[in-house]
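Subject: Structure handover

Hello,

Please find the structure below, with notes on what was found in it.

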Amino acid sequence: ESGTLRGQPGSAGKVRGRARVILNLEEAYRLQPGEILVTTTTAPPWAPLFLIAGGLVTDAGGLLSHGAVVSREYRIPAVVGTGSATQSITDGQVIEVDGNNGKVTIL
């Protein structure tokens, strides 16, 4: 499907919002409340971002990855392991994250 990325369903739920592509923690200040964090992967130092993110999309990871586990803890939709989210999604685009089906749609 054109405009659709597939990955692993990391955390249930569906959300639409503005994508914020962040490749390292030095850029974390750019994430605004409710925006969808799009990144390569996450690790424990990224946990504070989950407090304000509306959703998560990662290039790497699976059901037990840091991003998936923490997304479930914070109850935000997540799709992990897309392989190319950071290259396919442009910073600021509106996207829909379907954490139930592992699908990200660029709107």
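The largest nonpolar core has 14 residues, and those with the most contacts inside it are L31, L37, W46, L49, F50 and L56. Two or more residues of this core come from each of α1 (66-74) and β6 (78-80). Please bear in mind that the model is predicted.

L31 is in contact with R20, I22, L37, L49, I52 and A53, leaving aside its neighbours within four places in sequence.

On the strands: β7 (residues 94-98) is mostly covered, with four of its five residues buried. β7 pairs in the antiparallel sense with β3 (residues 14-21) over five bridges, and I95 in β7 stands opposite G17. β7 also pairs with β8 in the antiparallel sense, over four bridges; here E96 has T105 in β8 as its bridge partner. β7 and β8 form a hairpin with four residues between them, and G102 in the turn has a positive phi of about 70 degrees.

Is V104 buried or exposed? V104 has a relative accessible area of 0%, so it counts as buried, the cut-off being under 20%. Leaving aside neighbours within four places in sequence, V104 is in contact with G3, T4, L5, V57, V79, I89, I95 and E96. V104 and I76 are 28 residues apart in sequence and 14 Å apart in space, C-alpha to C-alpha.

Regards

Definitions and conventions
Residues numbered from 1 in each chain as written. Predicted model: local features only at pLDDT ≥ 70, side-chain atom pairs only at ≥ 80, totals over all residues. Heavy atoms only, no water. Buried < 20%, exposed > 50% of the residue type's maximum accessible area, 1.4 Å probe, protein only. Contact = heavy atoms within 4.5 Å. Core = buried A, V, L, I, M, F, W, Y, C linked by side-chain atoms within 4.5 Å. Pairing = 2+ DSSP bridges.
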